[in-house]
Amino acid sequence: MAARQLTSTPFIVDSIETVDSKMKLLQQAQDEFATFDQQKVNHIFKSVAHAANKQRIYLAQLAAKDVGCMEDKVIKNAVACELTLGKYLGAKTVGIIEEDPIRKLTKYAVPVGPVASIIPMTNPTSTVITKALFALKTRNAMMFLPHPRSTFASSEATRICAEAAVKAGAPANILQCVNPDRAVSNHVMHHPVINLLVATGGPSMVQACYASGKPALGVGR
């Protein structure tokens with residue numbers, strides 16, 4: 001495979017109108033994806049993990065341009081792909097996933113999305129890969145909000161995962177990325193389409209997610 005040319009794009013903040021348009025497409029993708037069976041979900045999940053792993057060096061180079069060691073980023077990208085795939089490929093995430101005949105309880109897996117995901121500058125590609133795989137395995141559409149200093153790296157990781165997902169049969173627009181500033185991030189976090197926030201980053205951003213009034217999962221210090 002030919003090496004990709006390292007490049008960059010100017011940081012242009014998405015407008016609120018652009019975000020709203022993306023949200024409509026995200027909801028449409030979520031509605032369609034929620035109807036997929038386990039076999040289709042597993043195929044998409046596996047295909048994206050393999051596609052991202054093939055681009056682990058290219059993505060590591062982009063990540064290391066912002067912060068960190070390129071070799072470490074390669075390892076993190078590989079771990080995000082290989083360990084996530086190995087651990088969760090066989091997990092049931094569609095329909096009935098657990099039954100207790102004694103207590104007469106049946107547990108169903110249903111998607112909660114669309115999901116908004118905050119991505120840190122420190123790991124702008126491996127975090128996208130991991131969260132994209134988790135979202136796809138659980139039939140959730142996801143909108144990524146990268147750190148302004150690593151927008152290109154995160155958007156490229158999103159693009160690679162999204163293209164592989166759609167090629168494997170996922171709905172168009174199932175994984176998307178915005179170029180945020182504080183106002184755009186706040187708009188996304190409070191947008192009525194978003195049902196869950198997942199934040200990895202600094203304490204201020206994690207706390208902002210917790211304060212949004214929506215269900216949130218945060219890791220940061």
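Select helix α6, residues 151–167, in this predicted model. Within this helix, locate Glu 156 and Arg 159, which are 3 residues apart, about one turn of the helix. Their side chains form a salt bridge, with the closest N and O atoms 2.8 Å apart. Arg 159 and Glu 163 are 4 residues apart in helix α6, so about one helical turn separates them. An α-helix has 3.6 residues a turn, so residues three or four places apart point the same way. Together, Glu 156, Arg 159 and Glu 163 are linked in a network of salt bridges.

Next, select Asp 14 and Lys 22. Their side chains meet in a salt bridge of 3.3 Å, N to O, and both residues are buried. The model has 5 salt bridges in total.

Turn now to the sheet. Its 5 strands are parallel and follow the order β5-β4-β3-β6-β7, forming an open sheet. Select β5 (175–177) and β7 (216–219): each has a single partner strand, so one side of each is left without a neighbour in the sheet. On average, neighbouring strands are turned by 15° against each other, direction ignored.

From its first C-alpha to its last, α5 reaches 17 Å, close to the 16 Å expected for its 12 residues. The helix is mostly covered, with 10 of the 12 residues buried; among them are Val 128, Ile 129 and Leu 133. Just after α5, select Arg 139, which takes a positive phi of about 60°.

The last stop is Ser 185, in helix α7, residues 182–189. At 8% relative accessibility, Ser 185 counts as buried. Leaving aside neighbours within four places in sequence, Ser 185 is in contact with Leu 145 and Pro 180. Finally, select Phe 144, which is 41 residues from Ser 185 in sequence and 9.9 Å away in space, C-alpha to C-alpha.

Conventions
Residues numbered from 1 in each chain as written. Predicted model: local features only at pLDDT ≥ 70, side-chain atom pairs only at ≥ 80, totals over all residues. Heavy atoms only, no water. Pairing = 2+ DSSP bridges. Helix = DSSP H or I, 4+ residues; strand = E, 2+ residues; numbered from the N terminus. Axes fitted to C-alpha atoms, helices over the stretch in contact; angles between N-to-C directions. Expected span 1.5 Å × (residues − 1). Buried < 20%, exposed > 50% of the residue type's maximum accessible area, 1.4 Å probe, protein only. Contact = heavy atoms within 4.5 Å. Salt bridge = Lys/Arg side-chain N within 4 Å of Asp/Glu carboxyl O.
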